[in-house]
Amino acid sequence: MNILTSFTNGIARAGGGALPKFRLSFTNRWLRLAFVLAVVALTFAGARLVSLGLLYVGLAVWAYRRWREGSRGLAYFLAAALVVGVGLYGFAAFEVWNMRAWRARHFDDMVLLAEDGTYEGEGKGRRGPIKVELTVKSHKVERFDVVRHYDTIPIALGAFDELKELLRGRSDLDVDAVTGATYTSYGAINAARDAVWKGVAGAPTISLVSKVTLWLTSLKLQRVTLHSLAVLFIVVLLFDYTIQAALVEGTGQSLNCMDCQTCVGACPVKRVEGKLFPMEMVLRARLGDYDAVAKLMEYCVGCAKCAAKCPAGISAPSVAAAVAQYLRKQKREEEAEFFEERV
Ligand code: SF4
Ligand code: SF4
């Protein structure tokens with residue numbers, strides 16, 4: 001059984017067998033898709049903005065449907081969320097710009113402006129963040145230490161030792177990268193600059209609100225992120241069909257089918273036109289191919305043996321009922337009747 005379905009069914013069982021309200025709301029297809037996007041956003045920092053965008057588009061489609069049904073609350077909420085979101089992002093972008101501009105203006109004086117003390121800073125190394133400690137005394141660098149890094153040790157340690165010597169006693173941080181370890185040493189220098197700004201009174205900083213906004217909207221689609229997203233997409237596509245289920249109504253419990261073929265063994269029909277029956281019908285319903293479902297349904301004798309054996313509780317009649325319900329909603333009465341007669 002796919003992971004999300006197991007999870008939702010687990011919640012249902014925890015509720016004592018009868019379908020509790022929470023299960024019904026969580027198994028809503030749009031919410032399932034939102035859940036997947038939230039997981040992607042939390043897992044892949046670089047893809048958060050893309051995930052949020054997709055989540056918003058999905059919610060907007062949902063809101064549009066509800067709007068047509070006369071319920072406008074969600075649409076107003078989304079419009080307000082968009083305005084607030086854009087406003088927060090604009091504010092965060094302004095704070096970043098303001099901070100960078102201020103730092104650029106005072107670049108040469110940063111050590112002279114810093115008060116005495118030891119400050120921590122972070123820069124980006126070749127293989128991850130570089131964390132440093134910088135001690136300022138009497139407007140000069142007294143001590144520079146790398147506390148944590150992930151770069152190649154022999155190369156990095158040599159570069160850090162050289163930087164220690166280079167920075168000690170200086171009243172500015174305008175130094176060049178170490179030859180042979182350019183990326184690593186540049187990351188350490190940036191970390192030192194990040195540290196020293198913390199000792200400058202009155203230097204603009206980024207507020208917590210902006211930090212959270214930037215965290216939520218990070219966009220660094222590097223190769224690793226893209227590959228991971230591709231793998232995740234395939235997993236979702238193959239094992240959950242969440243995307244199809246979100247886009248196609250009337251798939252009934254077919255979403256829960258795990259292709260085990262138990263129903264095929266139980267069904268007296270077994271094969272129709274070379275296809276496994278009734279599994280083929282369930283899979284067709286999952287994809288929204290109702291013409292194929294209608295054609296296959298003609299072979300069902302309604303004995304319900306498939307329901308008795310299916311581990312997910314799916315039967316051909318239950319799929320037909322879901323399709324009929326959907327067609328009624330679409331005002332396709334004649335087609336709906338065809339399915340209802342066979343339930
Ligand atoms: S209800 Fe239909 S699909 Fe299910 S076992 Fe009986 S004949 Fe086969
Ligand atoms: S028994 Fe049939 S409908 Fe049920 S999960 Fe297995 S393949 Fe799907």
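Predicted model: local features only at pLDDT ≥ 70, side-chain atom pairs only at ≥ 80, totals over all residues.
## The ligand 2 site

Start with the space taken by ligand 2: that is the largest cavity. Residues are numbered from 1 along each chain as written, chains are lettered from A and ligands numbered from 1 in written order, and side-chain values use heavy atoms, with hydrogens and water left out.

The residues around ligand 2 (a heavy atom within 4 Å) include Cys-257, Met-258, Asp-259, Cys-260, Cys-263 and Cys-310. Sorted by type, the shell has 8 nonpolar, 2 polar and 1 charged; here Cys, Met, Pro and Ile count as nonpolar and Asp as charged.

## Asp-259 and its loop

Asp-259 is also one of the residues surrounding ligand 2. Its phi is positive, about 60°, although Asp-259 is not a glycine. It belongs to the loop between helix H11 (242-247) and helix H12 (262-266); helices are DSSP runs of H or I with at least four residues, strands runs of E with at least two, numbered from the N terminus. Asp-259 is partly exposed at 38% relative accessible area (between 20% and 50%, 1.4 Å probe, protein chains only).

## Around strand S5

Glu-273 has a positive phi too, about 50°, and is not a glycine. Its loop runs between strand S4 (271-272) and S5, and Glu-273 is exposed, with 57% relative accessible area (exposed means over 50%).

Phe-277 and Pro-278 are joined by a cis peptide bond, omega about 10°. Pro-278 is in the loop between strand S5 (275-276) and helix H13 (279-286).

Terms used: 1 Å grid on protein atoms, 1.4 Å probe; cavity = no way out; pocket = protein on both sides within 12 Å on 5 of 7 lines; lining within 4 Å. Sits in = over half its atoms within 2 Å of the grid points.
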